[in-house]
Amino acid sequence: MQTPPKLIAFSNVPRESWDSLNAPGTPPMLRHLWMRTAAEVFARERPAQVLVSGDPEHPSACVALYAPPDSPGTLRLLGALDLGEPADLPARSDEALADLARKLWRLGVPVDLGHLPTDTRLIWQLRHQKPAFAMIGLRTRDERGLPALALDGEWSDPAMAIGRRRRQSLARKRRRAEANFGKVRLHVIAPGPETATEDMDLAFAVEANSWKRRAGTAIIQQPRQLEFFRLYGQRAAKLGILRLAFLEIGGAPAAVHYGVEIDNIFWSLRVGYDERFGSVSPGDLLMFDLVKDCVARGVSRFELCGKDADWTRRWSNHSRPIAAVRLYPLTLSGFGSLAGDLTALGLRKTRWRQSKRGARA
């Protein structure tokens, strides 16, 4: 039997070495700043560890994992499921990625990688390196994620990109907003560390004044997510990359994007709007004005991040298929985890069928 590969403490991988694996345009979710913050917030009970290919101080590929309290005996990709962001793994070469895939299987415990783009080389390598009788779980459910707008293409003129009907609809809503509430204004700020917390709390308060509070998904209702985005935002503010975009109507914040700007790309990480202004679609007005602002400033791409949704499809049809990926090794814990996941999946399907029958009754 092969000896399981060694996991090292997250703190033992230098920031410069981690970020050297990332090419320009790499999502913030793969960078050391994001991972470091996730390690401090989500891996508090049991510190995050890293599986590396190559020299730990100068790795060729790496993956940060932690043991979640709600899933004993399982390792989870740091910050993936906790923040709902599809992610990949940083790697210098395909050979390094293959080595990392082999080591993931050799850990001998179930590994939950959250959602990965289905076109990533990592999935191919995980399948290719899979031991006999082990299983890789891939649940697609026709999901897509990471919608984006290339601002040097058709979106270089946002007014033309949205088409005449939507352009006229947004113009009517803008006029109605100004008639009913007051002047409509875009306010994009790059707060410094002295004001970042206050500015972020205003953004989170705007998000909470919507359906998200009723659904229990507003960030102020998720203590660890709130802690993560406050801490990440503070650190991003120190680097000058934090961006908060507000649509003000009558002097009040009506909609917001919380994001970062890295490598001339705007990454929108949280969005929300105040339902008091719902009749004039403040989220759409903000999106249009913010994209125009990005084009004017020479930003090359606007990334909506997360999973595809009805509102993102109104703006972008450039998203990628994603799949939930989980590794079940040929061990007792692997089979136990597979059995538990299949049972849970069966229960979810049963509840879904019952709800559909109830809806037709």
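**Close-up 1. Aromatic pairs in the predicted model, with Trp155 and Trp315 as one of them.** In this predicted model, the structure contains 12 aromatic pairs. One of these is formed by Trp155 and Trp315, whose rings are tilted, with 6.0 Å from centre to centre and 45° between the planes. Because Trp155 belongs to the loop between β8 (148-150) and α5 (158-161), while Trp315 belongs to the loop between α11 (310-313) and β14 (320-328), the pair ties together parts that lie 160 residues apart in sequence. Both Trp155 and Trp315 are buried.

**Close-up 2. The stacked pair of Phe228 and Tyr232.** The ring centres of Phe228 and Tyr232 are 5.7 Å apart and the planes stand at 5°, an angle under the 30 degrees that counts as stacked, and the pair is therefore classed as stacked. Phe228 and Tyr232 are four residues apart in helix α9 (residues 223-239), which means that about one helical turn separates them. Phe228 is buried, as is Tyr232.

**Close-up 3. A cluster of linked rings that includes Phe228 and Tyr232.** Through ring pairs, Phe228 and Tyr232 are joined into a cluster with Trp34, Phe42, Phe204, Phe229 and Tyr258.

**Close-up 4. Arginine side chains over tryptophan rings, at Trp124 and at Trp315.** The charged end of Arg121 is placed over the ring of Trp124, at 4.6 Å from the ring centre. Arg166 lies over the face of Trp315, 4.3 Å from the centre of the ring, and Trp315 is also the partner of Trp155 in the tilted pair of the opening view.

Technical notes. Residues are numbered from 1 along each chain as its sequence is written. This is a predicted model: local features need pLDDT of at least 70, side-chain atom pairs count only at pLDDT 80 or more; totals for chains, interfaces and linings use all residues. Side-chain values use heavy atoms; hydrogens and water are left out. Rings of Phe, Tyr and Trp (its six-membered ring) pair if their centres lie within 6.5 Å; planes under 30 degrees apart count as stacked, over 60 as edge-to-face and the rest as tilted. Helices (H or I, at least four residues) and strands (E, at least two) are DSSP runs, numbered from the N terminus. Buried means under 20% relative accessible area, exposed over 50%, partly exposed in between (1.4 Å probe, protein chains only). A charge sits over a ring if NZ of Lys or CZ of Arg is within 6 Å of the ring centre and within 35 degrees of the ring normal.
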